[in-house]
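Please take a look at the chain below.

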Amino acid sequence: MNGNEIRKSFLDFFSEREHVVLPSASLIPNDPQLMFTVAGMVPFKPIFWGKVEPSFPMVVTCQKCFRTTDFENVGRTSRHHTFFEMLGNFSFGKYFKKEIIPWSWEYVTDVLKIDPEAIWVSVYKDDDEAFKIWRDSVKLPTARIVKLGKKTNWWGPAGPSGPCGPDSELFVDTGSKSGCPDPDNCSPACDCGRFVEIWNLVFMEYNQDEQGNLSLLKTKNIDTGAGLERIAAVLQGVPTNFDTDLFKPIINRIESLLGVEYGSSDKTDFSVRVIADHIRALVFMIADNIMPSNEGRGYMLRKVLRRAVRHGTLLGEKQPFLFELSESVVSSMKDVYPETEAKHELIKNVIVKEEERFLETLESGTKRLWQIVEEQGQLTGKDLFLLHDTYGFPVEIVKEILARTSVGIDEDGFDRFMEEQRHRARTGSSTKLYRTAEEVYEQAYSEAGDTEFVGYERLSTRSSVVFIVSGGRAVDKVVSGEEAEVVFAETPFYAEKGGQVSDTGKIVASGFEADVTSVKNPHKGLVTHVIRVNSGSIGLNDEAELLVDAVRRKCTERNHTATHLLHSSLIKTLGDHVRQSGSLVEPTRLRFDFSHFQPLTEKELELVETLVNQKILEARPVESEIKHMRDAKNEDIVALFEEKYGDFVRVVSVPGFSRELCGGTHVKNTGEIGLFKIVSESSVSAGIRRIEAVTGVGALELFRKRFYLVEELRTLLEIPEDRLMDKVTDIIGELKKAETEIRRLQQKLMLAGSADLKEKKTEVSGITVLTKVVENATNDVLRNTADTLIQRIGSGVVIIFNIAGKDKVSFVVKVSHDVANRFHAGKIAKSIATKLGGGGGGRADFAQAGGRKPEAVDEIISCIEDFMN
């Protein structure tokens, strides 16, 4: 049976037993404990936990999975993978051991036709029930039922906590006794490789908390997992998973692309297996909208890709090739996973961009690594950080390069440097960080509780003071001239969060007035108003009128709603791999960071901008509603990057176009935005782009400014607007011609030996040394003149000094090839530059440098032989 037939037979077998066949879930789990979907049961964890009622009591799936626990072993062994397919059937309280054990036997013997005499099983040492079912119901000889401990036969939670329980594993005896230390007594308890595990039956009846404590689940459940790749290897009678039909088309394509032969050597086979495994992972990760980045899932994608690229170079490939290899994966998987074909262009584009980026630094990074090893004999945490930060080398690649050496590496030190970098990024960002655990805020929260926000409905309210903070401590009142943070029972002021800046405004009462300069959310639901008192005083329990600056709020709302429209427009234009990774919403502008693998073209920017403005012109309503998070997850709603949400969330919608979880303030109708204009598009980091834009009054001011600029240029140049670009182009062309002519004349003047130019010819050790001093020449004129002069004197050294001000001098050194073995231009330049108070260097035949002491030039020329050694 081939891989497709095995997959279909499993799904059909359980479908015939009233299981509902569900499609594979994404590699991105809806689970905060996990980075990837690592097993077939991950999508069903909430059901096993008893937190969500199942839609179907019995389910069967073929789940795409990604694991990194064995990353460094992938390619070294016959069965380790990053990406793999897991066949699984699940029961949510419907059946248990006495049903699944006989079914599993029936499937492997009757459907897969595996020899019953070759099948062994293991059970948890205390699970007498499972042991008896295998022995009495299945009639499996007790000699082939092995009781093992918790390390091997207890399935722990997929994460720090969660459902778990004892398991029973099915093995196939391959009969191979080579390499076993005790072949006569070999069993599944031995790890020699003779027994291949093909199916794991987990009897999910416990929940484990983060402290390791067990409690019974509400229902007894079944979770099974069978590796498709392993089953294929057994049925097809091949020694490794890489020899199955699931990998052979990929390996054949690697052989064709790279000109290598799989099976020719262990070294080649290792690299081929790494590439074959990793290209499958890359295709499926990108198809599930995971983009390269320096954090989280994106970093794992980057590590996988860079390891594959490096193994390509070990096979002699110096150009991008993985993007072409992706076609073989898509071709074999598209019928089962249509998203791979739908996203193929995106997959290729992302891969080739990453390949090009890493290939630029791979050679120099490897050279630097060996330099450090040669100099120090080890790699410190700082060295590892340098290789990572400058050359893009994940630690895993460094370890693999050094695998056959005794060189030590300081991974703990590297982790400390990485954490310091993350800390600098956090503290150096424009986001204001507040210590939520400060005692004064905890005290305020304990006394005042959550501040009720009424700013969605109105921009003013009357409320009483419940707490005041001044100078980091609680006070009873504040007076004119002082600054403080004031807490009210309710507020219309929006506190800065979620990328939206806070409101500003005024607080007034009888004889009292204060400016609200910012609003914070320092602890849980507490909101503090940072005020500057203009007149009077205010104290605890006093009532005041809270007045939000309505004009500023409206501008902020325009930009926030426009951000939602921009997000949806980017997805619709570029693809659903686009994910928000940051934003800033201010009254004057908006900034939006998102995942994308390359700069947007002028056409793409135009399409995005046009789509946003279309939705503004359609004057669509902007609606909001409160939903339970569970319900929101089941709908087509965008949840933003790494946000933490409570049980109930606010959904902001532009019907038919955009739906996002958002607690910010918005316009009531898209028409209120007025106009949207993109100001810039740039790179934030690899795989992350940034768009800045303006709306409403800000857009009007931008257009007005640019209109006046065009008018001024038109008037100045005395031409109509439609000829403006032609005229500017003509002027630029004329200037370039003039600059070329100036350089030609400068060079001619220098070569003519004008009296204004100091020129001196000296003999040093029988070699002609020509020195010349010029003023304000360009670098290319200096280089060209040096080339011409060296040709003119035939053999020797030319040094041209260029005085460019009272404290700036540059120079070039040119050495003819016949004396380059005696005089090194780079060393001469370095020596002279030191005297000039500067630095520089270069090759043996040419160098350039500079300094800050032009007054020293005459002295250097007078004793030039001192600098020639």
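## Charge

The protein carries 111 positive and 130 negative side chains. The centres of the two sets lie 3 Å apart. Lys and Arg count as positive, Asp and Glu as negative, while His and the chain ends are not counted. Each charge is placed at NZ of Lys, CZ of Arg, CG of Asp or CD of Glu.

## Basis

This is a predicted model, where local features need pLDDT of at least 70 and side-chain atom pairs pLDDT 80 or more, while totals for chains, interfaces and linings use all residues. Residues are numbered from 1 along each chain as its sequence is written, and side-chain values use heavy atoms, leaving out hydrogens and water.

## Overall build

The protein has 24 helices and 35 strands. These are DSSP runs numbered from the N terminus: helices are H or I with at least four residues, strands E with at least two. The C-alpha atoms fill a box of roughly 110 × 90 × 55 Å along the principal axes.

Of the 869 residues, 49% count as buried (under 20% relative accessible area; 1.4 Å probe, protein chains only). The protein exposes about 40,900 Å², by the Shrake-Rupley method with a 1.4 Å probe. Carbon and sulfur atoms supply 48% of that area. Among contacts (heavy atoms within 4.5 Å) with a separation of 6 or more, 67% join residues 24 or more positions apart.

## Ile351

Ile351 sits in helix 12, residues 344-376. Ile351 is buried, at 0% relative accessible area. Leaving aside residues up to four places away in sequence, Ile351 touches Ile279, Leu282, Ile286, Leu305, Leu322, Phe323 and Ser326.

Ser653 is 302 residues from Ile351 along the chain. Their C-alpha atoms are separated by 34 Å.

How values were computed. Buried < 20%, exposed > 50% of the residue type's maximum accessible area, 1.4 Å probe, protein only.
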